[in-house]
Each structure stands twice: as structure tokens, then as C-alpha cells.
Amino acid sequence: MATPDLSRPVMTDGLGRAISYLRISVTDRCDLRCRYCMSERMQFLPKSQVLTLEEIALLADMFIARGITRIRLTGGEPLVRRDIGDLVNRIGRHLGNGLDELTLTTNATRLADHADTLFDAGMRRINVSLDTRDPARFAHVTRGGDVNAVLRGLDAGRAAGLAIKINMVALKGINEDEILPMLRWCDNQGFDLTLIETMPLGDTGEDRTDHYLPLTAVADMIADAHPLTPLPQRTGGPARYHAVDGMTARLGLITPLTNNFCTDCNRIRMTCEGKIFMCLGHEDHVDFKSALREGGLPAVEPLIDRALRLKPAAHDFRIGAGEGAATRRHMSVTGG
Ligand code: SAM
Ligand code: SF4
């Protein structure tokens with residue numbers, strides 16, 4: 001067992017879970033409108049309500065000083081935020097000095113313009129969302145996106161030296177026939193693949209029940225063709241990994257519905273409005289932005305402990321007839 005580093009501060013929640021992972025949503029905006037994530041006519045926040053990059057950097061500094069060792073930037077689409085490279089550089093300065101890892105989740109439509117900047121700032125791996133490689137299906141799922149922009153982004157990311165994991169939301173009747181081909185393609189490209197169950201977050205104007213695909217059945221289907229062996233290693237997030245017989249690609253499964261992973265949750269999330277959510281599936285939060293704007297960092301510090309006490313034991317996602325969204329917040333607001 002690894003020896004804990006006693007020189008580092010540790011944050012623990014009210015249930016004794018160590019909190020070391022912060023996801024920061026840097027914007028609620030996006031250039032795509034994925035059907036399971038957003039409604040077609042999303043109302044985005046006015047600029048004055050969104051944290052400035054300087055405010056995000058200050059809060060990140062504070063969290064690192066309190067014991068956060070991994071940060072993932074997300075959104076919305078983080079690469080549509082202007083000057084995102086400056087923020088990555090600023091947070092990247094903590095790498096090796098309190099911060100162990102800085103990562104990003106992106107749709108990759110603009111990755112070709114940013115890949116070198118990310119690598120130069122110390123980022124070494126990223127997650128890219130890609131539910132289908134078929135141009136017409138991609139345009140359907142994202143309501144108008146161009147899959148070729150994503151594929152160009154992926155090439156640029158790999159050329160820059162970034163390790164890439166593809167995130168694919170498993171959607172019944174939309175991409176279930178592409179799951180095995182996607183795994184084989186990822187293996188050829190040198191990427192890992194993580195499959196995600198669709199979660200009931202925010203109104204999208206569509207019924208997610210229609211496309212919900214439990215990953216237990218998907219894993220059985222994959223294992224028939226390529227036996228799977230569970231791997232002990234974790235990457236700080238909710239995915240459970242498997243070695244795939246005959247492949248170097250690892251298969252991750254994120255199963256909030258069929259296999260809740262809350263007991264060892266180490267994560268908190270900060271929205272682009274500076275709200276700290278302790279759980280993706282609950283509305284409880286603490287507002288850091290008002291405190292920061294009124295009293296600076298000294299006013300924010302005590303709120304961290306209040307937030308830690310609010311972390312619930314588990315989310316309560318269900319997908320079934322008559323179930324509405326678990327939260328009114330879209331995934332793009334809290335940050336995936
Ligand atoms: N725009 C970036 C992207 O798509 O990678 C980052 C933000 S996006 C909200 C982060 C991840 O959340 C994506 O992998 C997306 O597929 C996933 N996601 C969004 N809404 C979801 C939902 N309702 N259920 C499950 N995953 C969802
Ligand atoms: Fe945008 Fe990502 Fe949501 Fe798709 S999943 S709409 S790319 S934020």
C-alpha cells in the first residue's frame with residue numbers, strides 16, 4: 001500500500017472521505033448541443049455571473065493549498081472560453097508543487113488550435129467526448145456538429161503528445177451498434193475508451209429513458225468478443241477499468257445507474273458561477289463567487305468546511321417511467 005504523504009494537507013468530508021479531486025467548469029457555453037446534455041435552445045449565463053479567469057485561478061490556488069491534488073477543466077466546452085490557455089498555464093504552474101495532475105474534458109472541435117499549449121503547460125492526458133464517428137449520426141446527436149473537426153482535433157492532440165481517452169455515452173438505438181467498432185478503432189489509434197450511462201441531469205427537451213442503455217449488458221456483449229479483466233488502477237475519476245483481451249486499449253465503465261460509485265467519491269465540482277457542488281446529483285451547494293467578490297479569499301476559506309459537511313452519502317439517479325431529471329442543472333452547468 002502507498003504510504004500517505006503526511007506533509008500534504010488533506011480535506012475530508014463529513015463521512016470521512018478524502019477529497020482530492022476538483023472539477024472546474026470554466027464556461028456553461030458550448031459550440032455543440034448534444035441531445036442528452038443540453039436543450040436545443042439553451043439559455044447561457046450573462047458574462048457578469050461567470051467567474052473571470054483570474055477568479056477561477058485564485059480559487060484553484062486556494063483549493064490546491066487545502067489539499068486538492070488533481071484538477072480537471074471542463075464545461076460546457078472549455079476550449080470555447082477565450083484565453084483558456086492563460087488559465088491552463090496559470091494552474092499548470094502548481095504541477096509538481098501540490099498539484100499532481102491537470103486534465104481536461106473536451107469535445108475536441110477546437111483542440112487542433114490548443115493541443116500544443118495544453119501540453120506545454122504540463123497537461124499529459126485529456127478526455128475527448130465522441131459518441132459516434134459517423135458524420136450523419138454525429139450531426140444528429142450533437143444537433144449540427146462536424147465530426148471531422150473532432151477527428152482533426154484528436155490527430156493534433158496525439159501529435160502534441162497528449163494521452164487520449166474517448167468518452168462515449170452509450171445510447172440505445174443511436175450508437176449501441178458502434179460500441180465494439182469504437183473500441184477497436186480506439187485500440188488502433190492508441191486511445192482508451194470509457195463508456196458512460198446517460199444521467200438524468202437537466203431538461204433537454206427529450207426523454208432520456210428512450211435511449212438509456214445499461215452498461216452491464218454492454219459489458220457482457222463486449223466480453224463475448226473480447227474477454228474483460230477488471231484492473232485495480234483508478235485515475236481519480238468514477239470509471240472502473242478493464243483490460244481487453246487482445247488489445248492495448250483499456251475499457252472504462254462509468255455506471256452511475258447500474259452500479260453507484262459514491263462510497264469512494266473523492267470529487268467536488270465548481271461551476272463557472274463559482275458554486276461548489278459536492279455531488280453531481282444533488283442541488284446543495286455553497287456560493288463562493290459572492291464571498292470572493294465581497295470579501296476576497298479570506299471570506300471564501302471558511303466556506304470550504306461548510307461545503308465539505310454538505311457532501312451527501314450518494315446520488316439518487318433513477319431512469320424509469322415518469323422519472324424527471326434528478327437535478328434542474330444540466331451537466332454542462334455543473335461540469336462533466
Ligand atoms: N464539452 C465537453 C465534452 O463534451 O467533453 C466537456 C463537458 S461535457 C458536459 C462532459 C461529459 O459529460 C461528456 O463526456 C458528455 O458526454 C457527458 N455528459 C453530458 N451530459 C450527460 C448526461 N446527461 N449523462 C451522461 N453523460 C453526460
Ligand atoms: Fe457541449 Fe459537451 Fe454538453 Fe456536448 S456534452 S453539449 S459537447 S458540453
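## Basis

The model is predicted: local features need pLDDT of at least 70, side-chain atom pairs count only at pLDDT 80 or more, and totals for chains, interfaces and linings use all residues. Residues are numbered from 1 along each chain as written, chains are lettered from A and ligands numbered from 1 in written order, and side-chain values use heavy atoms, without hydrogens and water.

## Strand β8

Strands here are DSSP E runs of at least two residues; helices are H or I runs of at least four.

β8 pairs (at least two DSSP bridges) with β7, residues 163-169, in the parallel sense over 5 bridges. N167 stands opposite T194. β8 also runs parallel to β11, residues 250-254, with 4 bridges. There L195 stands opposite L253.

## Ligand 2

The residues around ligand 2 (a heavy atom within 4 Å) are C30, L32, R33, C34, C37, M38, G76 and N107. By class, the shell has 5 nonpolar, 2 polar and 1 charged residues. Cys, Leu and Met count as nonpolar, Arg as charged, and Gly as polar.

## R143

R143 sits in the loop between α4 (135-141) and α5 (147-160). R143 counts as buried because its relative accessibility is 18%. A polar atom of its side chain lies 2.8 Å from the backbone oxygen of R33. R143 and C34 are 109 residues apart in sequence, yet 6.3 Å apart in space, C-alpha to C-alpha.

Technical notes:
Buried < 20%, exposed > 50% of the residue type's maximum accessible area, 1.4 Å probe, protein only. Polar contact = N/O pair within 3.5 Å; in protein donor to acceptor, adjacent residues only side chain to side chain.
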